[in-house]
Amino acid sequence: MTQKPLFDKILIANRGEIALRILRACREMGIKTVAIHSTADADSMHVRLADESVCIGPAPSKDSYLNMAAILSAADITGADAIHPGVGFLSENATFARMVEEHGKVFIGPTPEHIDMMGDKITAKKTMIELGVPVVPGSDGGIQDEEIAVETAKKIGFPVLIKATSGGGGKGMKVARSADEVPQAYKLARAEAKANFGNDEVYMERYLGKPRHIEVQVLADQYGNAINLGERDCSIQRRHQKIWEEAPSPALNAKIRAELGQVVNKAIAKMGYRGVGTLEFLYENGEFFFMEMNTRIQVEHPITELVTGVDLVKEQIKVAAGQKLQLTQDDIKINGHAIECRINAENAETFIPSPGEITRYHAPGGWGVRVDSHMYQGYRVPPHYDSLVAKLVVYGHDRSECISRVESALREYVIDGIDTIIPLHQKLAKETDIVAGDYDIHWLEKKLKSH
Ligand code: ADP
């Protein structure tokens with residue numbers, strides 16, 4: 001079968017390390033690139049390396065990276081035929097995906113219908129139940145008032161977690177450990193949901209005590225072919241945000257992996273999903289519970305790339321261009337082990353953001369060490385955006401080699417002028433529980449409190 005042609009020119013609607021990651025994939029595929037940037041990012045690496053660039057507004061995200069009209073104009077002016085939204089910003093915005101399509105351009109992601117379906121977490125859970133995927137036990141839908149909240153919590157059993165229907169980034173989540181705590185948690189969750197997502201609807205789930213966060217990477221084309229590329233274990237979290245991720249999970253074996261993979265492949269194919277995506281699960285006492293699906297490439301995708309040898313961004317671009325998947329499930333073999341340390345520009349103890357100028361920079365290297373970062377000496381980390389400034393992604397033939405290599409790479413990494421959480425990662429790499437692979441989603445918070 002002759003494949004559909006790839007795009008001529010892609011506009012990258014993002015910034016930072018992910019914009020660079022996409023730019024590199026485009027260049028290798030012979031696709032021209034357009035960078036967009038705010039005034040604060042004029043000196044950014046993605047702007048320097050792109051074939052063309054357009055300034056689309058002032059520093060605040062809402063006036064630049066979230067400014068749909070400005071981004072579409074930039075695509076028109078430069079004649080880009082597709083838009084890659086990256087992660088965050090407009091990557092899960094169905095309205096934007098629709099606007100891109102109405103402009104006669106391709107949104108590099110799933111259909112707006114699938115984004116909508118998974119963006120509403122209640123609909124996402126209902127859909128997964130229908131597709132035969134087990135979900136976290138909880139309320140049937142949104143919870144409209146305090147009284148119903150108390151009743152529902154009693155039915156589910158304590159502790160419960162109240163979550164924002166349109167939530168993301170760990171925001172709008174509150175735990176209630178008894179009936180007395182429900183009204184307050186309910187009010188707070190709603191207020192946080194309203195402030196962050198403009199939608200105050202919340203739902204409720206059983207709050208699991210010792211789960212691991214295990215997510216499955218999927219890849220599908222528009223012809224009904226769906227495969228998975230194994231799992232990532234993202235249990236090391238602070239404030240429900242991932243810090244350190246591993247592939248494969250130290251807690252799964254080949255049999256469990258294959259079983260979960262089959263359930264996931266079937267659901268994705270049945271949905272008619274196209275693109276890359278991630279199904280997030282909690283895993284406790286041998287049971288998986290679906291939490292949500294991310295309909296985009298994820299920050300932690302490189303660890304999957306290292307253990308499977310598949311370039312996920314290239315595959316994403318190919319299926320968005322309407323090409324048929326060349327990979328089958330049998331082609332996917334998990335080899336060795338990979339770990340990603342998210343390097344945030346934050347103080348390693350207080351987690352206070354630390355923007356500013358990088359006065360000295362030296363990235364680690366060597367066999368199996370990949371650094372995805374837009375930093376360079378003299379670069380100024382602006383205060384307006386996410387604090388992620390680099391991803392240290394390390395491969396080893398097995399987990400123990402991988403952890404030693406993480407330690408050694410962290411020791412080489414020099415970032416002066418700002419604080420980063422490298423010292424935290426250095427400690428993590430030496431922790432007995434981490435070395436043993438014995439941790440759950442609450443492990444890091446408990447550890448930080450005990451110091
Ligand atoms: P977000 O979209 O905000 O990231 P998620 O639903 O993915 O929200 O949850 C983020 C994190 O919160 C999970 O990785 C997990 O650590 C924790 N979490 C979510 N649901 C539950 C639950 N029912 N019980 C315990 N922890 C949970």
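Residues are numbered from 1 along each chain as its sequence is written, and side-chain values use heavy atoms, with hydrogens and water left out. Because the model is predicted, local features need pLDDT of at least 70 and side-chain atom pairs count only at pLDDT 80 or more, while totals for chains, interfaces and linings use all residues.

**The ligand**

The ligand is surrounded by 22 residues, and the closest are Gly170, Arg206, His213, Gln237 and Glu292 (near means a heavy atom within 4 Å).

| Residue | Atom of the residue | Distance to a ligand oxygen |
|---|---|---|
| Lys121 | polar side-chain atom | 2.8 Å |
| Gly170 | polar backbone atom | 2.5 Å |
| His213 | side-chain N or O atom | 2.7 Å |

Taken alone, the ligand exposes 550 Å², and the protein buries 95% of that (areas come from the Shrake-Rupley method with a 1.4 Å probe; for residues, only the protein chains shown count as cover). Strand 6, strand 8, strand 12 and strand 13 each give two or more residues to the shell around the ligand. Helices (H or I, at least four residues) and strands (E, at least two) are DSSP runs, numbered from the N terminus.

Helix 6 spans residues 121-130, and its buried residues include Lys121, Ile122 and Ala124. Buried means under 20% relative accessible area, exposed over 50%, and partly exposed in between (1.4 Å probe, protein chains only). The cover over the buried residues of helix 6 includes helix 5, helix 9 and strand 13. At the start of helix 6, a side-chain oxygen of Asp120 reaches to within 3.0 Å of the backbone nitrogen of Ile122. After helix 6 comes Gly132, with a positive phi near 85°.

Helix 11 (residues 312-320) is largely enclosed by the rest of the structure, because eight of its nine residues are buried. Asp311 caps the N-terminal end of helix 11, with a side-chain oxygen 3.2 Å from the backbone nitrogen of Val313. Gly322 follows helix 11, and its phi is positive, near 90°.

**A buried threonine**

Thr33 is found in strand 2, residues 32-38. Thr33 counts as buried because its relative accessibility is 1%. Leaving out residues up to four places away in sequence, Thr33 touches Ile10, Ile12, Leu23, Cys26, Ala50, Asp51 and Glu52 (contact means heavy atoms within 4.5 Å).

**Aromatic rings**

The structure holds nine aromatic pairs. Rings of Phe, Tyr and Trp (its six-membered ring) pair if their centres lie within 6.5 Å; planes under 30 degrees apart count as stacked, over 60 as edge-to-face and the rest as tilted. The rings of Phe96 and Phe107 are edge-to-face, because their planes stand at 80°, with centres 6.2 Å apart. This pair links distant parts of the chain, with Phe96 in helix 4 and Phe107 in strand 5, 11 residues apart. The rings of Phe281 and Phe290 have centres 6.1 Å apart and planes at 80°, so this pair is edge-to-face. Phe281, Tyr283, Phe288 and Phe290 form one aromatic cluster.

Terms used: Polar contact = N/O pair within 3.5 Å; in protein donor to acceptor, adjacent residues only side chain to side chain.
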